[in-house]
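Take a walk through this structure, from overall form to single residues. Have the sequence and the model at hand.

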Amino acid sequence: MALAAEKPARLLNIPLPEPESSICALLRGETVGWPISRGGVSAEAFVERVRHHGVPAIVLDRLRTSGGSIQWPREVEDALDGDHKASIALDLLRSHHLQSIFRLFAQRGIRCMLIKGEALARSHYRTPGARIRCDSDLLIRPENIIDVQQLLSSNGYRIVSSTYKSHQFSVVPSDQTDVTLQFDMHWRTLNHPEFARVMSFDELWSDSVPVPGIDGARMPSAIDALQLACMHRLGSTSHDPHRLIWLYDIHLLATSMDAEELARLVEVSVSRGIQAECLDGFSRAATCFGTAVPDVVQSGLRRASAPPSWTRRLARTHLGLLLNDWKVLPDGRSRRRLLGELFLPSATFLLGRYGKRNRLWLPLLYLRQVLGGAAKRLTLR
Amino acid sequence: MPVTGKSGFRISSQVLSQEVSGETVLLDLRSEQYFGLDPVGTRVWQMLEKGLDLDEMYANLLAEYEVSGDQLKHDVEALLQELIRAGLVSSQDSA
């Protein structure tokens, strides 16, 4: 498979700061002298930035396959090597648990998909351990939430988060005493109202493909996975959208597609109204990793969608998402729990959230929670 | 327990391993501790997986590496003792 043989037009080139510039140059296959000569970045600071961007294993691999042409401080390579080995070990443990989880789901006829980094680690990276991630993301149907919780709780896992307000709940092995493994069970692909309803479980499932190495596990198709990656990096204000590992995911996905798949990607992106997000992802990946994006793809993604209907505009607001959450949740109990999590969380949670110990604060904190929740959720933003 | 020439070994069922770039990461599922093997240790692990006894390991390694027999014996026995101590491998002496 190969990309269409068109010379890609020059995309917007946003200059990268150091050491990101050197990291990206390295990952593009260039020979890079130690960055310290260009900006005084210490080895320790460099390693911390590599870790922030989630690319220790990939950088290490590039250093080791450079044939000696890249001479960086030994301490950098040793630190990255330590990170990589830890990631491999964690991945072995994670894979062991994921196999158990999918086996349990198969026995109960529960459909589930691996999504985001956990899936891509197995499909697009040389080894899963090369794609560092801090948790594993799985996608289930809203109607399976309770069954999944009961199944996992009675098979060695415990739930450690809310279930409804963030459209996901987290489970960890029951005997785990620190945060080593965490499995996030999403019942929407993304939490942000702009993107939460763009892809349904059934849409993703219909085009899904098997996950290498985990029996019975499926993941979104390359087109869906790439769109998910493009939306995910822009879907939260709490993370860095320019984190290199997410852009590297986009790079690997895009370069694995042939012309037909890229054309289909454009068509689906426009129909889903996310062509701007995909173009942004492609642009940034091209800047960092030289991802070749054919002209026809760029022009296709620059195409404006038809003006959205008012129902579509409503659907992409907090209020629209809340109304749809209400609709898709299978029973009254789930809906009550959704409202409870949004507006009436536990006293322990509230006291912790606002850093208070005295329960006399609770009436005021609950009032604040209700008003704050209403201001955020019951809006047309 | 000393290992002898005809010592056989069994890898614990609770150990997962992955080889990468000539080295190996071992994970003990019981303790969730992980260990690293360098390229020579990786070679020993490969032979353990194939069920070779100590004499067979020595013969293979002497053929593959330029090292004295005494040094090799010392290093391999030390590695195996460590693996046994960590519970990753058990000795099945068939002398």
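Lys and Arg count as positive here and Asp and Glu as negative, while His and the chain ends are left out. The place of a charge is NZ of Lys, CZ of Arg, CG of Asp or CD of Glu. With that settled, chain A carries 48 positive and 39 negative side chains. The centres of these two sets lie 7 Å apart. Keep in mind that the model is predicted.

Now the overall form of chain A. Its C-alpha atoms fill a box of roughly 65 × 50 × 45 Å along the principal axes. The radius of gyration is 22 Å. A compact globule of 381 residues would have a value near 21 Å, so chain A agrees with that expectation. The secondary structure comes to 18 helices and seven strands.

Next, the packing. Of the 381 residues of chain A, 52% count as buried. The accessible surface is about 17,400 Å², and carbon and sulfur atoms make up 54% of it. Take the contacts in chain A between residues at least 6 apart in sequence: 68% of them join residues at least 24 apart.

Helix α1 of chain A covers residues 20-27. Seven of its eight residues are buried, so the helix is largely enclosed by the rest of the structure. The buried residues are A:Glu20, A:Ser22, A:Ile23, A:Cys24, A:Ala25, A:Leu26 and A:Leu27. Just after α1(A) comes A:Gly29, with a positive phi of about 95°.

Move on to helix α16 of chain A, residues 332-343, where A:Arg335 lies. Is A:Arg335 buried or partly exposed? Buried would require under 20% relative accessible area. A:Arg335 has 22% relative accessibility, so this residue counts as partly exposed. Leaving aside residues up to four places away in sequence, A:Arg335 touches A:Trp326, A:Lys327, A:Leu329 and A:Pro330. A:Tyr164 is 171 residues from A:Arg335 in sequence. In space, their C-alpha atoms are 8.6 Å apart.

Finally, turn to chain B. Strand β2(B) spans residues 15-20 and strand β3(B) spans residues 23-28. The two run antiparallel. How many bridges join them? There are six. B:Val20 stands opposite B:Glu23 of β3(B). Together the strands form a hairpin, with two residues between them. In the turn, B:Ser21 has a positive phi of about 50°.

Notes: Residues are numbered from 1 along each chain as its sequence is written. Chains are lettered from A and ligands numbered from 1 in the order in which they are written. This is a predicted model: local features need pLDDT of at least 70, side-chain atom pairs count only at pLDDT 80 or more; totals for chains, interfaces and linings use all residues. Side-chain values use heavy atoms; hydrogens and water are left out. Two strands pair if DSSP finds at least two bridges between them. Helices (H or I, at least four residues) and strands (E, at least two) are DSSP runs, numbered from the N terminus. The radius of gyration is taken over C-alpha atoms; the globule rule is 2.2 Å times the number of residues to the power 0.38. Buried means under 20% relative accessible area, exposed over 50%, partly exposed in between (1.4 Å probe, protein chains only). Contact means heavy atoms within 4.5 Å. Accessible areas come from the Shrake-Rupley method with a 1.4 Å probe; for residues, only the protein chains shown count as cover.
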